[in-house]
Amino acid sequence: MTAFVPVCLKICGSKYLNAAQPRENWNYAEGVSNGRRGLVRCASEKSWLQRRRKRRSLERRSETKVAVCGGGSFGTAIAFLLANNGYPVQILVRKTWVRDEINVERRNPKYFTEFVLPDNVTATIDAEEALTDAKLIVHAVPVQQSRSFFEANTEYFPADAPVLCTSKGLEVTSLKFMCELLPEFLPHTKSFAYLSGPSFAREMMDQLPTAVVVAADDVDLALRIADMMSSPFFKVFTSSDTIGVEVAGAVKNVIAIAAGICEGLGLGTNSMAALVTRGCSEMRRLALNMGASPITLSGLSGVGDTFLTCFGPLSRNRNVGVRLGKGETLESILSSSRQVAEGVTTAEALVGMLLNQYNGVSQEDNKEINVYATRAAALYPILFGVRAILEGRITPQEGVEALLAMPPREEN
């Protein structure tokens with residue numbers, strides 16, 4: 001990101017401002033508004049908008065409804081971004097009081113309460129209302145809750161509306177990624193895309209420079225979504241490697257738990273750097289075996305998102321690891337956490353998938369054998385080690401000792 005910021009500022013004709021000076025958030029529909037603090041201000045926002053208008057007019061955007069399924073932190077940030085880009089956004093939430101607070105007070109009462117949402121953001125608890133006439137649907141429901149969500153609401157999804165998925169991980173029951181599940185859940189929908197990359201929701205709300213990637217089999221769809229989401233502060237790259245983006249987005253959460261454990265144990269930066277690097281090696285091995293591109297793994301959704309999740313203070317998965325390393329139990333951590341740390345369930349699903357791929361072991365059989373003495377465990381010691389710690393089979397310290405006790409071998 002440090003390399004990205006100067007380039008972004010140069011392209012936009014921006015200038016640095018003192019952090020104490022206010023920076024006004026950008027809103028396409030109303031110009032510059034909603035002053036907030038920040039590090040940079042884009043001096044040529046108006047000219048940037050004029051260039052974009054050649055391809056998308058304000059009138060056209062105001063008629064392009066976007067439905068965001070899920071009113072969590074990331075769903076709120078996506079709604080905030082698209083609404084500031086001029087699109088009417090309706091968030092599908094579960095609680096009546098959350099809907100009322102968004103519609104009346106213009107704030108999400110559970111996440112980012114200090115932010116006023118644009119007037120073109122509304123909320124509903126009615127799936128049919130949210131999805132009717134939507135031209136783009138953003139799926140921001142956690143992976144493990146996605147199946148029940150679609151079972152209840154599939155009938156309301158318009159067949160011609162593309163779905164952009166922001167959920168990352170594997171479903172524990174099926175051992176499938178979202179790029180495998182969405183076509184099953186929505187057989188009549190023909191267009192799917194997947195967003196990933198280093199993007200803390202909080203920093204998106206603050207409109208700090210952020211870069212992500214949108215992957216889709218349909219290149220034109222990826223470009224259209226990139227055009228809808230791009231702003232002076234939000235850069236969107238495109239890719240056709242959906243499986244690479246999905247695998248990286250899932251595995252990085254488990255690596256982040258391991259990185260957090262290192263910090264919680266007080267093992268220093270040498271050990272954390274080594275562990276994250278070797279974790280990326282396991283990510284690469286798994287993704288390439290599934291047909292991913294090496295370019296994806298070295299890009300924003302691979303090492304980019306991994307670095308953010310492993311080292312960023314806002315990372316939920318990293319914080320779970322830190323607390324485990326300090327001696328807390330997983331049960332107490334999860335019971336006191338308001339947000340979902342996908343890496344906990346993803347670790348279980350990844351181990352199940354790897355056992356099936358390398359050892360032909362089904363989910364039922366892996367409960368009867370020592371899964372940590374299998375070929376898959378030897379190839380993916382960090383992923384299996386994190387799962388063992390989460391299960392309570394070993395302590396965080398024992399997990400580190402097991403990694404250090406592995407025999408010397410060629411780096412791969």
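Let me start with Asp100, which forms a salt bridge with Arg99, the closest N and O atoms lying 2.9 Å apart; please keep in mind throughout that what we have on the screen is a predicted model.

A second pair to look at is Lys176 and Glu184, whose side chains meet in a salt bridge with an N to O distance of 2.5 Å. Here Lys176 is partly exposed, because its relative accessible area of 27% falls between the 20% and 50% cut-offs, and Glu184 is likewise counted as partly exposed, at 42% relative accessibility.

Now, which residue forms a salt bridge with Lys252? The partner is Asp305, and in this pair the closest N and O atoms are 3.7 Å apart. This pair links distant parts of the chain, since Lys252 belongs to helix α11, which covers residues 242-265, while Asp305 belongs to helix α14, covering residues 300-311, and the two are 53 residues apart. Are these two residues buried or exposed? In the model, both Lys252 and Asp305 are buried, which means that each has a relative accessible area under 20%.

Beyond these pairs, there is also a network, in which Glu348, Arg387, Glu391 and Arg393 are joined together by salt bridges that share partners. To put the examples in context, the structure holds 13 salt bridges in total, and the ones I have described include the Asp100 pair with Arg99 and the Lys252 pair with Asp305.

Conventions. Residues are numbered from 1 along each chain as its sequence is written. This is a predicted model: local features need pLDDT of at least 70, side-chain atom pairs count only at pLDDT 80 or more; totals for chains, interfaces and linings use all residues. Side-chain values use heavy atoms; hydrogens and water are left out. A salt bridge is a side-chain nitrogen of Lys or Arg within 4 Å of a carboxyl oxygen of Asp or Glu. Buried means under 20% relative accessible area, exposed over 50%, partly exposed in between (1.4 Å probe, protein chains only). Helices (H or I, at least four residues) and strands (E, at least two) are DSSP runs, numbered from the N terminus.
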